[in-house]
Amino acid sequence: METITKQEQKVDNKKGVKVSGSEAVVKCLLAEDANLIYGYPGGAIMPVYDELYKYQNELHHVLTRHEQGAIHAAQGFARASGKVGVVIATSGPGATNIITGIADAQIDSTPLVCITGQVSSNLLGSDAFQETDIISISTPVTKWNYQITKASEIPEILAKAFFIAKSGRPGPVLVDITKDAQFEELNFSYKKCERIRSYHPIPKLDNKQVKAAADLINNAKKPFVVFGQGVILGNAESEFKAFIEKADIPSASTLLGLSALPTKHDLNVGMVGMHGHYAPNVLTNDCDVLIAIGMRFDDRVTGNLETYAKQAKIIHFDIDPSEIDKNVKTDVAVLGDVKETLSGILSLIDSNKHSKWIKKFKDLYDVEFDKVINEQLNPTKEGLTMGEVMKAINKETKGEAIIVSDVGQNQMFSSRYANFKQSKSVITSGGLGTMGFCLPASIGAKMGAPEREVVAIIGDGGFQMTIQELGTILQTKVPVKIVVLNNEFLGMVRQWQEMFFDRRYASTVMTNPDFIKIVEGYGIKANRVTKRGDLAKSISEMIDSKESYFLEVVVEKEGNVFPMIPTGATVSDIRLK
């Protein structure tokens with residue numbers, strides 16, 4: 001087998017020797033330290049795969065069972081590692097199969113470089129076999145895209161792709177390469193991109209705005225922080241913690257902001273949003289200064305905008321100018337890298353105590369505990385609850401695992417009841433809400449953070465959307481722990497049908513296969529829990545396993561996630577039942 005050594009790679013780069021376009025793609029990936037990629041081969045990308053074969057000692061390609069699995073795995077890798085995820089797919093259906101994942105990455109600010117093959121340039125626009133205009137299709141859901149028709153473009157364009165994907169507010173980039181450009185030769189040399197004219201990913205810090213924000217915070221009687229994934233993406237966890245501790249501000253997370261602050265931190269008052277905690281939702285409409293940090297005022301967070309925090313002054317820390325005043329009118333906008341902006345404001349804010357204000361959050365938490373949480377964690381009814389499953393997982397993982405969830409009730413229960421001690425511990429599809437995300441994303445997450453335990457929490461519906469990725473686990477031997485919460489329903493839709501459609505369960509009842517037989521067919525150890533007395537032991541056995549493990553937990557069929565803010569209602573109208 002012909003292979004290329006790392007030493008030869010360095011010599012080639014230095015001399016600028018003549019190589020094919022497809023080899024140039026591989027060399028660019030190695031130059032960016034992108035030595036783990038996900039993909040699925042096909043005709044229009046075959047020249048690149050031929051080069052991957054030669055470089056397999058240097059670059060690890062993970063063959064997923066579907067292109068959707070590849071891009072969700074790359075998302076999981078990026079979120080767990082903090083690096084750029086890389087996906088390779090062929091033209092036509094291969095390229096279109098990654099669009100959902102690209103849209104997911106765009107709205108959740110996940111850095112990806114997606115490389116697609118394309119028909120030869122002389123066939124463009126001719127409706128050739130497996131030709132699709134992926135540039136037009138992907139334009140609305142990418143941070144940047146580009147079609148390469150000449151091999152000489154490859155180094156510069158891929159360098160730009162990696163820079164754009166990871167700089168400023170991260171996001172997905174797509175590079176489409178025609179087949180003739182992959183065969184064509186070029187004199188290869190590579191220089192990492194460090195700037196692009198007219199592209200300014202990090203706004204310049206305005207010290208006047210920082211001072212204005214500090215003045216509002218120092219004069220606040222009831223300040224409240226809502227923090228999002230921007231804190232994690234900006235690697236600003238320590239600066240954020242120092243900021244809220246000095247000013248003594250109760251702080252609530254968005255779904256994707258979870259784990260930026262340890263769950264049990266004294267100032268962590270829970271999660272905001274439709275199924276968030278009672279206190280931070282209700283008291284949003286009682287605070288006098290609302291400080292939004294690295295979040296975008298999503299509709300699931302704000303509820304009815306006409307009634308959202310109208311009594312409060314709004315301070316918005318963000319790296320993306322387009323988010324300012326997009327949904328909520330801001331009184332003070334602090335643009336810039338959150339690590340820099342929080343460092344800049346720290347010396348300007350007063351050490352403070354807001355004991356009475358913080359007590360309000362604790363009092364309302366007690367109300368929620370009595371009416372909702374206790375019955376989830378310590379149920380008196382016969383059926384197993386999703387909350388008690390998370391309680392058992394917390395006990396075994398001690399809050400140190402990465403929890404990857406799918407979409408639906410499993411997502412809300414896991415986000416509400418999982419405990420987190422360190423950052424980058426929550427990986428889920430936030431803005432797009434993509435069912436089928438979890439299983440492949442958990443594979444990528446484990447590869448991105450191999451030293452950490454990764455637990456996938458999936459509903460029976462979402463599991464079957466990408467169930468074929470069990471084959472990827474079979475082939476790679478990646479030790480992911482998979483928990484399917486089986487209620488034989490599309491649970492979240494069913495909950496809405498119960499509450500708002502008079503229990504008309506239209507197309508939400510699931511007739512499921514024997515998951516254990518299927519999983520065991522992929523060589524994965526599997527177990528099924530139906531009784532409360534077996535739960536703790538089964539989860540302990542799963543976590544202790546050094547290999548991948550599948551646990552099906554049969555939970556109550558008609559369990560609901562509460563609290564809940566009905567669509568169109570205000571955050572203070574949150575329901576406990």
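Strand 12 and strand 13 (residues 313-318) pair in the parallel sense over five bridges, where pairing requires at least two DSSP bridges between two strands. Strands (E, at least two residues) and helices (H or I, at least four residues) are DSSP runs numbered from the N terminus. The model is a predicted one, in which local features need pLDDT of at least 70 and side-chain atom pairs pLDDT 80 or more, while totals for chains, interfaces and linings use all residues. Residues are numbered from 1 along each chain as its sequence is written, and side-chain values use heavy atoms, with hydrogens and water left out.

Five of the five residues of strand 12 (residues 289-293) are buried, so the strand is largely enclosed by the rest of the structure. Buried denotes under 20% relative accessible area, exposed over 50% and partly exposed the range in between, with a 1.4 Å probe and protein chains only. V289, I291 and I293 point one way from the strand, and L290 and A292 point the other way.

The loop between strand 13 and strand 14 (332-335) contains E323. E323 counts as buried because its relative accessibility is 4%. Not counting residues up to four places away in sequence, E323 touches R169, R296, H316 and D318, a contact being heavy atoms within 4.5 Å. The side chains of E323 and R169 make a polar contact at 2.8 Å. A polar contact is a pair of N or O atoms within 3.5 Å; within protein, one must be able to donate a hydrogen and the other to accept it, and residues adjacent in sequence count only if both atoms are side-chain atoms. The C-alpha atoms of E323 and A333, ten residues apart along the chain, are separated by 10.0 Å.

K481 is found in strand 18 (residues 481-486) and counts as buried because its relative accessibility is 1%. The side chain of K481 reaches the backbone oxygen of S545 at 2.8 Å, and a polar atom of this side chain lies 3.1 Å from the backbone oxygen of M542. Leaving aside neighbours within four places in sequence, the contacts of K481 include E453, V455, I543 and Y549. Helix 19 (residues 438-448) is mostly covered, with eleven of its eleven residues buried.

A search of the whole structure finds 15 aromatic pairs. One of these, F188 and Y190, is stacked, at 6.4 Å centre to centre and 15° between the planes. Rings of Phe, Tyr and Trp (its six-membered ring) pair if their centres lie within 6.5 Å; planes under 30 degrees apart count as stacked, over 60 as edge-to-face and the rest as tilted. Both F188 and Y190 are buried. Ring pairs also link F224, W357 and F361 into a cluster.

The protein chain has 24 helices and 20 strands. Buried residues make up 60% of its 577 residues. Along its principal axes the C-alpha trace spans about 70 × 60 × 45 Å.
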